[in-house]
Amino acid sequence: MKSGSRKRTYRFTDLLVRFAPIINYRSSIAIALCALLFAACQTEAERTALDTQEVAIDNYITAQIAADTTRTLVVNDGSYRLVLQAGNGAAAAVGDSVYFWYVAYVFSNGKGMAFDTNLPDESLHPSENNGKGVLGVKHFIPGLDKGLQGMQLGEHAEIIFPATQGYGSDIVGLVPKLSALLFEVEIIKIVKQ
């Protein structure tokens, strides 16, 4: 390979689309069957990764609660909220607008690499530039939406969820595919519907 040249990699589906016009009908069926088998193998690897994530999340939560028994755990359909500081007032529900500070991490047996935040200069209590959205209407990825539901004003928590509740098998910015995520959040305002 010449210096400076790049090796191009193709996904199976890219090749199928590229060469479909020159492949006869029987070959197309064989290629489709190969694609299904390839997808089945990939799905098994993904299932293994997701099972490993669930164990790592359970171990992390168990260790955090053992270290500080005042923490409570709230589970909502695959999203885990570890309450670090309780809030007060009415709980956020589907249809409510919520405003919150957050730092988002790729989960790696706890806080891994931070990939997003709305904290200017990483201070803990900056001005009103914050995360906001309406719960239950897909303003947030599913795991974060479910974790925010039930939080109260002033509550500080870690919301942890597997890739199935996050970005799945997509690569998004700095987040690798099949990544569990951890959001450290603090609710600063709730507007009831």
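**A tour of the predicted model**

Start with the hairpin that β1 and β2 form: two residues separate the strands, and D77 in the turn has a positive phi of about 50°. This is a predicted model. Select residues 72–76 for β1 and residues 79–85 for β2; the two strands run antiparallel and are joined by five bridges.

**Confidence**

Next, colour the chain by pLDDT. The average is 81, and 73% of the residues score at least 70. Confidence is highest in strand β6 (residues 156–161), at a mean of 96, and lowest in helix α1 (residues 12–19), at 52. Two stretches stay under 50. Over residues 1–5, where pLDDT stays under 50, the model has one contact beyond four places in sequence. Residues 123–129 also have pLDDT under 50, but for this stretch there are 11 contacts beyond four places in sequence.

**E158**

Go to strand β6 and select E158. Is E158 buried or exposed? Its relative accessibility is 5%, so E158 counts as buried, the cut-off being under 20%. Show the side chain of Y60 as well: a polar contact of 2.7 Å joins it to the side chain of E158. Leaving aside neighbours within four places in sequence, E158 is also in contact with residues including Y80, R81, L82 and L84, along with K111, L182, F183 and E184.

**The nonpolar cores**

Now display the largest nonpolar core, which has 22 residues; V98, F100, L144, L148, I159, F183 and V185 touch the most other members. The elements giving two or more residues to this core are β3 (97–107), α3 (142–148), β6 and β7. Then select I61, Y105, F107 and I160, which are among the 13 residues of a second, separate core. In soluble globular proteins, nonpolar side chains tend to be buried together.

**S179**

Finish at S179, in the loop between β6 and β7 (181–191). With a relative accessible area of 9%, S179 is buried. Which backbone oxygen lies 2.7 Å from a polar atom of the S179 side chain? The oxygen belongs to P176. To see the rest of the surroundings, select Q53, V106, P162, A163 and G168, the residues in contact with S179 once neighbours within four places in sequence are left aside.

Terms used: Residues are numbered from 1 along each chain as its sequence is written. This is a predicted model: local features need pLDDT of at least 70, side-chain atom pairs count only at pLDDT 80 or more; totals for chains, interfaces and linings use all residues. Side-chain values use heavy atoms; hydrogens and water are left out. Two strands pair if DSSP finds at least two bridges between them. Helices (H or I, at least four residues) and strands (E, at least two) are DSSP runs, numbered from the N terminus. pLDDT is the predictor's confidence in each residue, from 0 to 100. Contact means heavy atoms within 4.5 Å. Buried means under 20% relative accessible area, exposed over 50%, partly exposed in between (1.4 Å probe, protein chains only). A polar contact is a pair of N or O atoms within 3.5 Å; within protein, one must be able to donate a hydrogen and the other to accept it, and residues adjacent in sequence count only if both atoms are side-chain atoms. A nonpolar core is a set of buried Ala, Val, Leu, Ile, Met, Phe, Trp, Tyr and Cys residues joined through side-chain atoms within 4.5 Å.
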